[in-house]
Amino acid sequence: MKRFVYVNDESCGESYCDNRVSNTKYTLWNFLPKNLLEQFRRFMNQYFLLIACLQLWSRITPVSPVTTWGPLAIIFIVSASKEAWDDYNRYLSDKKANERKVWVVKDGIRGQIKAQEIHVGNIVWLHENDEIPCDLVLIGTSDPQGICYVETAALDGETDLKTRIIPSICANLSSDQLGKVKGVLECPNPDNDIRRFDANMRLFPPIIDNEKCPLAINNTLLQSCYLRYTEWACGVAIYTGNETKSGMSRGTAEPKLTAADSMIDKLTVAIFVFQIVVVLVLGFAGNIWKDSNGRKHWYLMYPAEGPWYDFLVIPLRFELLCSIMIPISIKVTLDLAKGVYAKFIDCDEQMFDRETSTPAHSANTAISEDLGQVEYILSDKTGTLTENIMIFRRCCINNTQYGDDSGDALKDTRLLNAVSSNEPDVVKFLMVMALCNTVVPIKSNDGAISYKAQSQDEEALVNAASNLNMVLTSKDSSSAEICFNSSKFQYELLDVLEFTSDRKRMSVVVKEGGSGKFLLLSKGADEAIFPRSNPGQQTKTYLEAVEMYSHLGLRTLCLGWRELEEGEYKEWSKKFQEASCSLDNRECKIAEVCHSLEQGINILGVTAIEDRLQDGVPETIKLLRSAGINVWMLTGDKQNTAIQIALLCNLITPESNGQLLSINGKTEDEILRSLERALVIMKTTPERKDLAFVLDGWTLEIILKHSMESFTRLAMLSRTAICCRMTPLQKAQLVGILKTVGYLTLAIGDGGNDVRMIQEANIGVGISGREGLQAARAADYSIGKFKFLKRLILVHGRYSYNRTAFISQYSFYKSLLICFIQILFSFVTGLSGTSLFNSISLMAYNVFYTSLPVMTILFDKDMSETTVLQYPQILLYSQAGRLLNPSTFAGWFGRSLYHALVVFLITVHTNAYEQSNMEEISMVALSGCIWLQAFVVTLDTNSFTYLQVILIWGNFVAFYIINLILSSVPTLQMYTVMWRLCSQPSYWITMALIVTIGMGPVLALRYLRNVYRPSAIDVLQQIEQTNGPTQTSRNVESATRIYLDQLLTDLRRNKGSIHQPLLSDSVASIR
Amino acid sequence: MDSSNAAGTSNGGSGDGDPAAAARRNTKMPKYSKFTQQELPACKPILTPKWVVSVFFLVGVIFVPVGVVSLLAARDVVEIIDRYDDACVPVNMTDNKLGYIQNETISKECTRTLTVTKDMKQPIFVYYQLDNFYQNHRRYVKSRNDAQLRDYKKANQTTSCEPERTTADGKPIVPCGLIAWSLFNDTYIFNRGNENLTVDKKDISWKSDREHKFAKNVYPSNFQNGGLIGGAKLDSSIPLSDQEDLIVWMRTAALPTFRKLYGRIYVDLKENDTITVKLDNNYNTYSFGGKKKLVLSTATWLGGKNDFLGFAYLIVGGLCIFLAFAFTLLYVIKPRKLGDHNYLSWNRHPAGR
């Protein structure tokens, strides 16, 4: 399917949507039904609605329907207004974008219209720093060369400038002609691929001949980018409104469910089943009592014959009575708590990166608990573990290695001498460094040149070249000027054979200004360049250099060149033109054509670029590993480089304590055999030894095709893995494999190639780094540096999990407590389903009295951050879900049953006979529950700040104040009841008794466990108490840093000796 | 040309934007507060032996005396209980108690003799006690309309009074509902020797009920006029606020065994005094096997004769002291150092998990 766009001609062509951008989910009219429908998709809400509807039937309802309708309405209003607010804000920003004024040219007349009025085929006129209102095909710019610069940060997160050029067909149009140009564009239907645009364009006479001209992504200006460093540009609207590429790639992510959430759901279902059982049993028994006993009680006036549904009435009454077993407020409480966790993360000063001034941010506020349960971390290497600041360190030119002594080739006098003496090979080498790239030099006002590049490596190379006196001074789409030892050279840039991840190389074809020679300049990965080298050339020393550099953890690139015959180039150029014009499968065709030219390359040399480890990476990885988290490294880099980085950052242990199993092979059989061998070794080696396996993308592809099962087993056994040469898809696949086995995975990365993995993992963490914000935008959390991950997991994740575990189980506890009391009471009411508590008390109990104290747990810390970072093993408790599982829940269940018995029996016995009136007993029982829950929260709180004290005991006082006030309202049932009770000594004595009997055994058991069978958490709390708070976490961090720095330098010194035995001992050392 | 103009404005626009962006960058740093950094000063108590033992000991030490005092108070109360539902049935009717109670021609008068076991100081509370009577049954407890009792204009409001809402011809019953309909109607007259002990039936109900729940200008109407007579009839010339038996009865009990105040006797009774009670045994508890008891009781600051609190306090206090000693002993025999690194699970099994 294609769309035809008729330029500047509104009369013909199909009509496409206008440029009204709409990100809103709802309209004013469909908001209510749509939002309600959405909310009722949740099981809990359906359940509560059913209960609320049943309550409308006054024959069965034990309490006023308000008890359910009230909270239900509040919950609905809260989440609906949150949605509405978000949507309203989206609407406002849409409106702002839609009503922005833009210049369009219609039949040669320029006019200003609102952005939303742009139609497909209109010519839009943009000025410098304008935001591009819709997807355009560039047809003219102020630049005589026909280029312009755009900032695409809003689209792909990359902060560098991109060059856009006008299609050749429009090259010679004057600005007057531009307004009147007519033509047709043939382009694909809207899609979301921001890197592909395969289209072509034809202009109508009389302006120009009727030739078809290919269009690619670099002829387009995409919506939401900005025009920079260009006075004006104009283009034809091709996609508008929500059909633009940025509009199409907007999508709502699936909401993620945490492990804790799904556990809560399971428990809810269990309670639901329990409730049904209770209802059936009590309902059945109630019917029997009614038939056998009820009719004898004349004062009840049971009719001899009831309606047909009579047998349902009592069970339904019990259903309503027991409906409070599932706390209606749990969802709201948890959402609120999660919001607070996220705020804590956003506000954490110790996760604020001062260098780039980026705070940590949690885009997804709902999954903080999962951070505390992470089992696998899958990390990208470049930019995540390393700084992604590329520095040119060494090179090998003409079989001479520079930079070996000092570790910095730029300071190597031999190289400097070679440069000053114009050694031809070195000059050529530098020329390739300066020209073979897509770097844009930008001259600032004071004459200094800065470079904008899409790839950090290229920037490093160009900068290094300029330091070696080979300065790229200016460049546009067709020519470049370099200045070497203060003499200038002009080059005509003919073609760019672009870099793709498949080709792993890029080339440019230039025409030398003076001599008119055609040159092919190439650079690329060693395995992409060496096979294409001139067969006559010796590459052994280069191979050795590559090997050595990658052992040092450096990134290598090979540079080469070839002189082209003019005829050869002309012929090739035609083919290249054709391939670039093809509408389908263009990329493949171009690659093929490029391949045909990139042959017989003369290798000039090898460059080595250092990518330094980020600050604090080794100790972070060490800490995370000792916390029981398995860390895998997934990188697109070479195996040797990856292994070296892994060693440097503590991911793998050097020989004697560790072993690296390499899974590789030349054929499928070899690979599979080596996989099996690795599996056997994994199984037989004692646990103490650190085993890791390493494989590359090609191997993984074969393994996944043939032996998924063995690989899954290997993945489960291996704490560490290094996967190199991974494509973005493979990274996501690995995450997928671990997820299917049931592990909780966290993926961390910084670049666009990590986005899929980040979205696939349970938790995606993005480093807001140099490769742009793309990963950070897709991620659930974004942090400035890798080292903040330890705080994110060990501090925030752990606390969040602990707190959620308490909040959820406590919510069930308090609901069960009140529900059990109702059930116990029903045994003395002839199983008729009378509610002991009145409607106001029930509603206030759930919504008010018990939900405030539980919030105190948001400020609770079971142990200090320092202790957690000192004993990272403690993470195991949250990781293994030891605080929220069926058995801990059974404990809470038992406690609520016990407390219900205590409250009910004591109340019934102290308020027997003449004091047994309904209102008093109900209030005594309710106060008993409030007293108990205040003590339960107190006992389960680990650290008391003034907030806790205020909330717990303030709530307690508030309970009395509220009830005393309610007892002063004559129309209420409970009029004077609370005043009456408070004046009776027996009431206070009863409360003390309830608390003592209720809490005594709990305290005694907890004490015995604490002292005689302590959990690690208990022990650490005791250690903390006995040793006192010695260090704050900031101090510890710096202390460990010094220690680890030492370790690191030791490691670096021994580097040479480490890498050799490591691989030689491994399973498949035969390579 | 327009373009230069437009360029100017757009530049101006971005110029405004830039410092704003810079300012934002500067304020990205989260504001420090002990609250957001979760660094509020906190007290972290842990369960040390010393602490736990002293809590238990303290609780025990407080509870035992309170228990003793409560028990003494309960013992001070003198209570005379007399079950009369069986005894008041004529000998020839013991096989057909229901027939006896439902037959209006048989006289329900009955005389009981009580002996005072101990001196009783006035005021002496007269209760009637019903057993196995479900005032808390859902059909029963809801069968009333408070608005009707409070306001004479709302006499027609009989919702939720089912099945005693209206008379057969549709007139609203005041007070409506099962509770009022089944009002207790046994009466008692007390004599010591020949001396008549007057039972003061004033102020037996809650003051708040008389003043706010049962209005002075609401009179019973159409009450007990239907085919089925439940309990007592009400004098329709007395306003509801003065019908104290009804008010007491309508404070429904939460338990199937309950006492309701009948009246007070403001005379001191001596040990071995004999009291004759002439009673009208009208109320039907025979159909469901409920018991009726007459209770004479004094009261103390803690209420009536209820040992439960005293015994519970003694037992709990004793247990707490016992636990305190047991924990101390346990700790002496088997001391455990708190916060010992060796207890950490990963130190015990270095191989890890």
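1. Let's start where the two chains meet: the contact (heavy atoms within 4.5 Å) takes 97 residues from chain B and 110 residues from chain A. Keep in mind that this is a predicted model, where local features need pLDDT of at least 70, side-chain atom pairs count only at pLDDT 80 or more, and totals for chains, interfaces and linings use all residues. Residues are numbered from 1 along each chain as its sequence is written, chains are lettered from A in the order in which they are written, and side-chain values use heavy atoms, with hydrogens and water left out.

2. How much area is buried between chain B and chain A? About 9200 Å², with carbon and sulfur atoms giving 64% of it. Buried area here is the accessible area (1.4 Å probe) that two parts lose on being put together, summed over both.

3. Now for the pairings. There are three salt bridges between chain B and chain A, a salt bridge being a side-chain nitrogen of Lys or Arg within 4 Å of a carboxyl oxygen of Asp or Glu. One to look up is Glu914(A) with Arg259(B), whose closest N and O atoms are 3.8 Å apart.

4. Which helix of chain B gives the largest share of the side that touches chain A? Helix H9 (residues 308-333) does, with 10 residues. Helices are DSSP runs (H or I, at least four residues), numbered from the N terminus.

5. Check the UniProt record too: an unreviewed entry lists residues 51-74 and 311-333 of chain B as "transmembrane region", though such annotations may be inferred rather than shown by experiment. In the model, residues 51-74 of chain B are 100% helix, with end C-alpha atoms 34 Å apart. Residues 311-333 of chain B are 100% helix as well, and there the ends lie 32 Å apart.

6. Finally, look inside chain B. An automatic or database assignment gives domain 1 (48-77 + 302-331) and domain 2 (78-298).

Terms used: Helices (H or I, at least four residues) and strands (E, at least two) are DSSP runs, numbered from the N terminus.
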